[in-house]
Amino acid sequence: MNASNIVLYEAEYQRLKSILVKTQRELGIDLILLIDRDGHQIASEGPAQDIDLTALSSLAAANLAATDGLARLVGEPEFSILYHQGKHRNIHISDVSRRYCLVLVFDEKVSLGLVRLRVKHTTAYLEEVFKLFARKTETKKNAAVPSNSPSPFDFTDEDIDKLFGR
Amino acid sequence: MTFINYVAREINCKLVYYGPGLGGKTTNLQHIYQITNPENKGKMISLATETERTLFFDFLPIDLGQIRGFSMRFHLYTVPGQVFYDASRKLILKGVDGVVFVADSQEERLDANLESLSNLNLNLKEQGFDLNKIPYVLQLNKRDLPNALPAERLKKLLLVKGEPVYEAVAPKGVGVLETLKAAARQVLVELRKSA
Ligand SMILES: Nc1nc2c(ncn2[C@@H]2O[C@H](COP(=O)(O)OP(=O)(O)O)[C@@H](O)[C@H]2O)c(=O)[nH]1
Ligand SMILES: [Mg+2]
């Protein structure tokens with residue numbers, strides 16, 4: 001497997017999800033979303049069903065990447081937090097381990113100070129989980145795919161052809 | 001970089017449409033959007049200027065279907081073509097799985113094609129990729145225009161490594177799906193190799 005690919009398994013997902021659930025409940029926010037830096041969704045929690053998560057993921061990742069570019073231009077290693085304030089809803093975007101990104105959406109009833117503080121803690125918990133699983137994958141090097149899940153990669157050329165045949 | 005999600009049973013790949021400004025990258029995505037069933041596509045996002053020129057990128061998430069119970073999701077991006085948007089182009093190339101180069105066949109755009117191609121090579125290197133190794137497809141677009149150079153001539157000048165080449169008329173959809181299919185195929189074959 002390409003070292004830079006991100007692989008998400010059930011056990012890891014459950015740990016990440018429970019951290020998001022806890023954060024969402026404690027803050028009473030509309031949405032908390034964990035994505036990778038390329039804009040792929042990993043997990044989310046919250047009642048904001050009206051938001052297109054795929055689009056949000058892509059735009060948040062691009063936004064963070066652009067902000068990183070801005071930071072380098074002025075000689076900063078990074079601006080690790082982005083905050084956009086709206087009339088009714090606010091968005092808080094922050095880095096996790098330089099590889100992931102956390103997005104929070106909340107209304108004016110939620111205090112920004114509280115959000116900032118909680119995001120620090122949540123980020124630390126998430127980083128722990130990512131570290132733990134990175135170590136696990138390393139020790140299992142050649143067993144990256146757990147035996148109970150079928151590999152999606154033993155597909156044939158015909159399988160690929162069929163993709164477009166629908 | 002590919003994101004393999006065993007929980008949602010999805011494989012997520014990133015495909016970038018590169019090429020000179022006004023070559024037809026956005027039009028390629030628009031056509032793909034039009035012909036894809038609603039349940040297999042997300043919202044198309046265009047970050048464009050008032051005059052509809054791509055400012056940062058276009059984004060279109062599509063689901064190509066299932067293989068072995070996994071949904072093959074491709075995130076399609078375009079880059080802004082104009083020379084001065086180089087910083088934006090670099091950002092979009094981060095974590096890319098495959099590239100489609102949309103060349104403008106018109107004679108007067110030859111230099112712009114060559115410049116964009118060498119810019120792609122440089123920017124990929126900067127992100128740690130090698131144009132000679134990454135999944136890559138060449139599209140010769142605007143074949144319908146009278147000032148289009150012969151395809152053979154363009155191939156001689158623009159081919160990098162014997163990559164698949166497709167002649168296209170993007171607004172009519174000619175060659176658009178074929179190009180996407182060839183790029184997706186290469187990405188998946190590469191993924192299988194590395195798995
Ligand atoms: N005649 C013709 N026009 C095209 C073709 N492809 C794109 N165009 C037009 O060229 C212009 C620029 O296309 P666009 O997709 O915005 O280029 P981009 O800058 O690469 O995204 C638009 O007016 C398109 O309608 C083609 O194959 N033939
Ligand atoms: Mg465009």
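Student: How many salt bridges does the rule find across the interface of chain A and chain B?

Tutor: The rule finds two across that interface. Before we go on: this is a predicted model, where local features need pLDDT of at least 70, side-chain atom pairs count only at pLDDT 80 or more, and totals for chains, interfaces and linings use all residues. Side-chain values use heavy atoms, with hydrogens and water left out.

Student: What makes B:Arg192 and A:Asp157 a salt bridge?

Tutor: The term asks for a side-chain nitrogen of Lys or Arg within 4 Å of a carboxyl oxygen of Asp or Glu. Here the closest N and O atoms are 3.0 Å apart, so the pair passes.

Student: And what does the salt bridge of A:Arg37 with A:Asp95 tie together?

Tutor: Their side chains meet at 2.6 Å, N to O. A:Arg37 lies in the loop between strands S2 (31–36) and S3 (41–45) of chain A, and A:Asp95 in strand S5 (residues 89–96) of chain A, so the pair links parts 58 residues apart in sequence. Strands here are DSSP runs of E, at least two residues, and helices are runs of H or I, at least four, numbered from the N terminus. Over all chains, the count of salt bridges comes to 21.

Student: What is the area buried between chain A and chain B?

Tutor: About 4,000 Å², with carbon and sulfur atoms giving 64%. Buried area is the accessible area (1.4 Å probe) that two parts lose on being put together, summed over both. A:Asp38, A:Phe153 and A:Phe164 supply 18% of what chain A buries against chain B, more than any other three residues. The contact, meaning heavy atoms within 4.5 Å, takes 41 residues from chain A and 45 residues from chain B.

Student: Why are H2(B) and H3(B) called oblique?

Tutor: Helix H2 (residues 86–93) and helix H3 (residues 110–126) of chain B cross at roughly 55°, their axes coming within 10 Å. Angles under 35 degrees count as roughly parallel, over 145 as roughly antiparallel, 65 to 115 as roughly perpendicular and the rest as oblique. The pair is therefore oblique.

Student: Then why is H3(B) roughly parallel to H4(B)?

Tutor: H3(B) and helix H4 (residues 151–158) of chain B pack at about 30°, with axes 11 Å apart. That angle makes them roughly parallel. Residues in the contact include B:Leu114 and B:Leu117 of H3(B) and B:Leu154 and B:Leu157 of H4(B).

Note on methods: Residues numbered from 1 in each chain as written. Chains lettered and ligands numbered in written order. Axes fitted to C-alpha atoms, helices over the stretch in contact; angles between N-to-C directions.
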